[in-house]
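Open the structure in a viewer and keep the selection tool at hand. The stops below say what to select next.

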Amino acid sequence: MTDCNDPFDPLTAVLTCKLVRLGLHIFEPKEPVVVNSKGIRIVAPFQENPNEMCTLNIYKKEVAKVIAHFSLLQNSMLCFFILRSCAQYIKNVLRVSDVPALLEEMTNFSTVLHQARVIILQLDSIDDHTGSIIRSIWNSLDEISFSDAQRFLQRATQSDPKFVRHNGTNETNLSITQLQSNDNRQLLIYPPGRGGISINTIDYLCLATDQYVNDIIIDFYLKWFYDRISKVGRARTFIFSALFYQTLSTFARDIKFHKHVNETDDEKSYVRVRNWTKNVNLFEKDFIIVPINENSHWFLAIICFPNLKGPVSFDTHLPFEMPRLPKRHRENDCGEANVYVTGDESLGSTYISPVNNSPEPIKQPLILIFDSFAVTSHKGVMAALRDFLSCEYKVKLPGMPPRIFNKYNMPGHHVKVPQQNNSTDCGLYLLQYVEEFFNNPIRDYRIPIKHLANWFDTITVSRKREDIANLLQKLLNERKECNNKILLPNIPFPTLNGQLIEPKRCGSQFEMEEMSKGSSIIATSDDPDDETRLSGDDTCRTVFLVFQVSFVGTYIAAVLQGHVVPTVPYISDAATYSPESCVFGQMINLGSVLLGITVYVRYRQILQLFEHHSDLGNNLLRYNRLAVWFGWSSCLGISIVGNFQETNVRIVHFTGAFLCFGFGALYFWLQSLISYMIYPIAGTKRNAHLRLAMAACCTMLFILMAVTGVMSHILFRGQNPRKWYV
């Protein structure tokens with residue numbers, strides 16, 4: 001293997017490390033570690049004979065991700081995640097044994113350490129010059145804070161076999177079973193005993209990146225979280241299973257309808273779930289949690305204060321007086337109006353009242369909808385839950401007058417909450433909504449509720465897959481069968497130790513290897529321009545060729561047909577007569593479609609970048625959505641210009657030109673702004689400057705074209721508009 005040490009490389013950093021970790025092989029280096037544009041050179045002792053040294057050369061292309069903490073004072077750190085093939089090379093050179101490490105909590109991170117796929121360099125300090133060299137070598141380097149670095153190192157220390165032995169693990173009697181993804185078995189029952197939730201391997205696999213979380217994981221985590229809230233909180237809350245609403249809303253053939261022939265459809269639906277609450281009175285609860293899955297999408301409904309007949313003060317529980325309002329201001333199911341029925345609707349109240357604007361917090365009976373993909377109204381869900389409550393009230397409180405729940409005495413409201421930025425995390429958002437509802441509770445139940453838009457960060461949800469997996473591993477380790485440790489299958493997570501890791505777009509072979517074998521260490525590349533070069537280059541070249549062939553071919557055909565003179569023809573004139581107009585229109589349509597695809601590729605590119613770097617801000621998403629519409633409008637304008645000739649349908653032709661060039665200029669400006677917003681996480685400043693210059697140039701040419709076009713039509717005195725220059 002070629003030595004990575006190159007004394008003539010200008011990008012060379014010599015690091016004096018106090019400790020080096022090659023997976024679980026830890027040593028104090030006797031020689032500095034050399035990092036340059038070729039890779040990393042480490043002189044390490046053999047594991048079996050520490051007095052004998054060997055040289056390890058890790059090439060840059062074998063490094064999938066770099067995490068660093070730079071400090072001028074103390075406790076700097078560099079962490080390199082490497083490919084499996086490179087890790088195997090290190091283990092072979094160092095003669096590291098493949099016997100499984102005996103770990104008390106062998107989590108995904110511990111497994112990766114044991115596979116020698118993590119290299120950690122611990123240093124006292126790193127000066128600015130050395131730090132800038134390292135940043136230049138790995139421009140996708142992730143810098144973490146001091147506290148994050150300390151937690152990272154602590155996690156690595158806890159995975160050290162010496163640390164584990166020091167904490168009392170019995171090596172001689174302990175056996176380890178590493179489960180595989182295709183080994184479907186029961187992992188545990190939570191809580192233990194009758195009625196617990198059985199979790200199998202196939203349920204655990206749902207936690208992998210880009211997988212939908214199933215109902216078992218939803219029920220397990222809600223039950224686990226419920227057991228950890230306060231006793232008072234548990235007494236106020238009831239959580240339904242994820243299958244409750246599906247059972248309530250799905251027609252069941254096994255119901256004996258001859259026994260319920262005189263019942264309404266709502267009462268027949270209630271029959272299917274009446275035993276779900278046989279041991280609980282929901283009207284003694286303040287909150288009823290209902291996880292719902294409709295059309296393969298998870299969202300959350302929380303029935304709040306079903307025991308109340310109207311709004312009351314949050315602290316004093318006294319009835320809240322509200323002025324009356326005409327019926328036309330009734331509240332709709334989406335919670336757009338802040339209204340409520342005064343009194344008991346069963347007494348025939350006919351007035352709707354708005355919630356008072358007083359700062360005093362209130363609580364009132366509500367159905368709150370928490371949806372991470374809020375594009376549809378859930379009126380049907382709200383109606384079904386109200387009908388269920390009406391039937392439940394009749395059964396649980398038979399001595400009371402019947403209470404009919406409707407959208408006036410139990411209004412529904414879609415809460416403005418953080419939204420998912422992919423298509424698979426809806427179940428995780430549901431779980432996070434429940435957590436935040438209890439950890440950061442709502443203090444005022446006036447509607448609309450809009451202050452929860454920034455309830456939590458995207459990273460909180462992204463790390464939830466890894467957190468739940470670690471929780472399952474911990475519960476497995478706590479079982480009484482202490483002589484046999486079961487390690488969960490290795491599957492990919494979007495985070496490692498709470499830090500985001502993203503798939504590398506330029507290493508397809510590595511990406512396939514990592515995703516298929518279930519590793520959570522995934523190569524990263526955040527440069528959208530890299531992705532454009534991979535996924536959009538062919539499209540961009542095709543678009544360029546199509547338009548060039550269209551313009552040049554149409555010009556040649558028009559000259560040969562004698563429709564235009566060969567000197568400086570106006571492009572619209574060259575495409576006026578057939579057959580060149582037909583060819584021009586067809587080619588322009590093809591080019592506009594390909595251009596629209598290119599615009600969409602860029603849109604998806606920025607969307608995926610935001611998925612892993614939510615700290616870029618929500619404005620990035622807004623500008624990205626606006627840009628894609630401007631881009632598509634410009635493509636539509638191109639198609640209109642090519643199919644509606646200036647001399648035949650002038651107003652339509654000019655409208656198309658305005659869409660093409662005007663919205664195209666706006667698209668350029670937005671892309672320039674986006675390029676500056678994502679730098680330095682992605683892209684380069686040179687590209688951002690270039691896009692800005694192109695946007696300015698395009699805008700000036702558009703204005704110049706509009707002014708001179710109007711002037712030419714005013715000053716034209718000829719007879720043939722296709723020969724305006726004569």
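**A tour by selection**

Start with Ser296, which is exposed at a relative accessible area of 56% (exposed means over 50%, buried under 20%, partly exposed in between, with a 1.4 Å probe and protein chains only). The model is predicted: local features need pLDDT of at least 70, side-chain atom pairs count only at pLDDT 80 or more, and totals for chains, interfaces and linings use all residues. Residues are numbered from 1 along each chain as its sequence is written, and side-chain values use heavy atoms, with hydrogens and water left out.

Ser296 sits in the loop between β15 (287–294) and β16 (297–304); strands (E, at least two residues) and helices (H or I, at least four) are DSSP runs, numbered from the N terminus. Its phi is positive, about 60°, although Ser296 is not a glycine. Most residues other than glycine have a negative phi, and most peptide bonds are trans.

Next, select Phe305, in the loop between β16 and β17 (312–313). Phe305 also has a positive phi, near 50°. Is Phe305 buried or exposed? Phe305 counts as buried, at 2% relative accessibility.

Now look at two peptide bonds. The bond from Tyr190 to Pro191 is cis, with omega near -15°, and Pro191 lies in the loop between β12 (186–190) and β13 (197–200). Ile447 and Pro448 are also joined by a cis peptide bond, with omega about 5°. Pro448 is in the loop between α12 (426–439) and α13 (458–462).

Finish with two cysteines: Cys79 is buried at 0% relative accessible area, and Cys86 is buried at 1%.
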